[in-house]
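Open the model in your viewer and keep the sequence panel beside it. Each stop below says what to select and what to look for there.

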Amino acid sequence: METKLARISQLSSENPDMVFTSIGHLINKEMLKDCHRKYLLLRR
């Protein structure tokens, strides 16, 4: 998962006008939990 998101990040940085039409397939329960955990840690 991290690799796919890193690739999307790289593409969007290199091509700011690029439009991503569908990235919903990358989002799942584990990813949301991980993001939430990281958010809570950074918020402290």
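Start with the whole chain as a cartoon. Its secondary structure comes to two helices and zero strands. Helices are DSSP runs of H or I of at least four residues, strands are runs of E of at least two, and both are numbered from the N terminus. This is a predicted model, in which local features need pLDDT of at least 70 and side-chain atom pairs count only at pLDDT 80 or more, while totals for chains, interfaces and linings use all residues. Residues are numbered from 1 along each chain as its sequence is written, and side-chain values use heavy atoms, with hydrogens and water left out.

The C-alpha atoms fill a box of roughly 35 × 20 × 15 Å along the principal axes. The accessible surface of the chain is about 4200 Å², and carbon and sulfur atoms account for 58% of that surface. Areas come from the Shrake-Rupley method with a 1.4 Å probe; for residues, only the protein chains shown count as cover. Of the 44 residues in the chain, 9% are buried. Buried means under 20% relative accessible area, exposed means over 50%, and partly exposed lies in between (1.4 Å probe, protein chains only).

**Stop 1: the loop**

Select Pro16. This residue sits in the loop between H1 and H2. Is Pro16 buried or exposed? Pro16 counts as exposed, because its relative accessibility is 66%.

Go on to Met18, in the loop between helix H1 (2–14) and H2. Met18 has 36% relative accessibility, so it counts as partly exposed.

**Stop 2: helix H2, end to end**

Select residues 29–43. These 15 residues form helix H2, and its end C-alpha atoms are 21 Å apart.

Zoom in on the start of H2. A side-chain oxygen of Asn28 comes within 3.2 Å of the backbone nitrogen of Glu30.

**Stop 3: the charged network**

Asp34 pairs with Arg37 at 3.9 Å, N to O. Asp34 also pairs with Lys38, at 3.3 Å, N to O. Together Asp34, Arg37 and Lys38 form a network of salt bridges.

Look down the helix axis. Asp34 and Arg37 are three residues apart in H2, so about one helical turn separates them. Asp34 and Lys38 are four residues apart, again about one helical turn.

Color by accessibility. Asp34 is partly exposed at 25%. Arg37 is partly exposed at 48%. Lys38 is partly exposed at 40%.

**Stop 4**

Select Leu32, in helix H2. Leu32 is exposed, with a relative accessible area of 52%. Draw another from Leu32 to Pro16. These residues are 16 apart along the chain, and 25 Å separates their C-alpha atoms.

Notes. Expected span 1.5 Å × (residues − 1). Polar contact = N/O pair within 3.5 Å; in protein donor to acceptor, adjacent residues only side chain to side chain. Salt bridge = Lys/Arg side-chain N within 4 Å of Asp/Glu carboxyl O.
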